[in-house]
Amino acid sequence: MILGMLFVCPMQMMAQDPNFWIFLCLGQSNMAGKGTIEAQDMDVPDNFLSLSAVNGTDGRHIGEWRKAVPPICRQDAGLGPVDYFGRALLEKAPEGTRIGVVSVAVEGCPVDYFDRAYASQAAAMSPYDWQRDILRQYDNHPYRRLVDMARIAQREGVIKGILYHQGETDAYDADWEEKVKNLYHNLREDLALDTFSVPLLVGEVVRKEYGGQCADANETINHLPYVFHNVYVVSSAGCKPCEDHLHFSSEGYRKLGRNYAEKYLERISNFLPSKGKHEEAQSVSRSVTFSLSAEFDEDNNMEVSANAPLERVDIRRKGGEMLKTHRLDGKQTAVVPLRDLTGQPLEVEFHSVGGETRTVTIE
């Protein structure tokens with residue numbers, strides 16, 4: 001049995017470099033970054049890059065790659081979690097990996113500002129001059145700018161994950177949860193992303209133990225994995241705030257970025273080749289003949305396509321109890337019902353007619 005995920009993703013076939021890992025980063029002020037940039041933050045690895053989503057007098061140009069020197073999001077931003085997410089990830093990624101980030105964030109924004117159909121309504125509805133100034137840098141459509149930049153990034157690399165840090169403004173009810181779910185779905189659809197290969201990582205806001213002004217939002221944020229699959233909550237434990245108890249301190253952002261990286265590495269640990277076994281992993285990968293591709297539908301069921309006839313699929317609690325078995329009788333496409341099993345770690349085990357087995361782990 002091979003634990004983890006073995007998929008064929010069409011977008012990866014189009015990418016120039018599968019070792020160039022792209023991450024989309026979006027949200028409000030804590031994603032943009034409000035930390036003071038210090039000397040230690042300016043030592044950036046050459047293989048950590050940022051695709052600029054705005055222009056700036058500091059040499060950044062929309063749609064162009066630059067070394068990920070802070071501030072990453074915009075010239076008027078500060079140190080944020082993305083800075084140390086990239087560095088921490090490179091410490092554990094296979095040799096030869098490059099990390100590229102695309103960051104779009106609007107201070108004080110509700111999740112509505114990332115609605116696909118919002119167009120110029122965001123600027124029209126904003127009551128703040130300073131926020132309208134930020135929105136204008138994204139042509140009043142942050143979602144469209146993110147997607148446009150992501151498509152440019154896909155010409156050179158493979159999108160591996162989405163980092164989301166937003167909620168201080170409105171993450172207090174089920175309506176926000178559904179909007180985040182729709183945002184994730186829209187990004188997957190518009191960028192032709194494979195669901196399992198591209199998890200959504202959502203960060204907690206400043207916690208109650210640090211006097212967080214919006215700490216109650218964490219209850220809603222932590223409920224997201226019970227609403228839809230492939231979303232992972234990133235803890236803000238140990239991430240100290242600045243004086244306003246709304247934003248993190250520079251130290252807090254460094255820790256939060258590392259927490260994002262740790263969560264992503266935990267998520268892919270079943271199939272990430274270690275540096276010491278990279279050649280061995282490549283050899284094993286070349287020998288695999290049974291592969292799967294999959295997506296979640298709107299009801300959180302798994303739509304699967306295989307390159308070989310399937311005998312059955314077994315659904316278990318991770319590491320334990322069998323929950324369901326479905327006969328597939330030689331079909332190569334199937335819908336696996338999971339909607340009633342949201343919120344618990346699962347192992348979905350596919351058996352081919354030829355006797356091979358592949359297991360998809362869903363946290």
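Student: In the hairpin of β9 and β10, which residue takes a positive phi?
Tutor: That is Gly319, with a phi near 75 degrees, and the hairpin has four residues between its strands. This is a predicted model: local features need pLDDT of at least 70, side-chain atom pairs count only at pLDDT 80 or more, and totals for chains, interfaces and linings use all residues. Numbering runs from 1 along each chain as its sequence is written, and side-chain values use heavy atoms, without hydrogens and water.

Student: OK, how many bridges hold β9 and β10 in their pairing?
Tutor: Ten, and strand β9 (residues 302–317) and strand β10 (residues 322–336) run in the antiparallel sense. Strands pair if DSSP finds at least two bridges between them. Strands (E, at least two residues) and helices (H or I, at least four) are DSSP runs, numbered from the N terminus.

Student: And which residue in β10 is the bridge partner of Val313?
Tutor: His326 in β10 is the partner of Val313.

Student: What joins β9 to β11?
Tutor: Seven bridges do, and β9 and β11 are antiparallel too. For example, Leu310 stands opposite Ser352 in β11.

Student: Is β11 mostly covered or open?
Tutor: Mostly covered: seven of the seven residues in β11 (residues 346–352) are buried. Buried is under 20% relative accessible area, exposed is over 50%, and partly exposed is in between, using a 1.4 Å probe and protein chains only. Leu346, Val348, Phe350 and Ser352 are buried on one side of β11, and Glu347, Glu349 and His351 are buried on the other.

Student: New topic! Why is α6 described as largely enclosed?
Tutor: Ten of the 13 residues in α6 are buried, so the rest of the structure largely encloses this helix. Among those buried residues are Tyr143, Arg145, Leu146, Met149 and Gln154.

Student: Which residues does Leu246 touch?
Tutor: Leaving out residues up to four places away in sequence, Leu246 touches Asn30, Glu168, Val206, Gln213 and Cys214. Contact means heavy atoms within 4.5 Å.

Student: How far apart are Leu246 and Gly212?
Tutor: Leu246 and Gly212 are 34 residues apart in sequence, but 5.9 Å apart in space from C-alpha to C-alpha.
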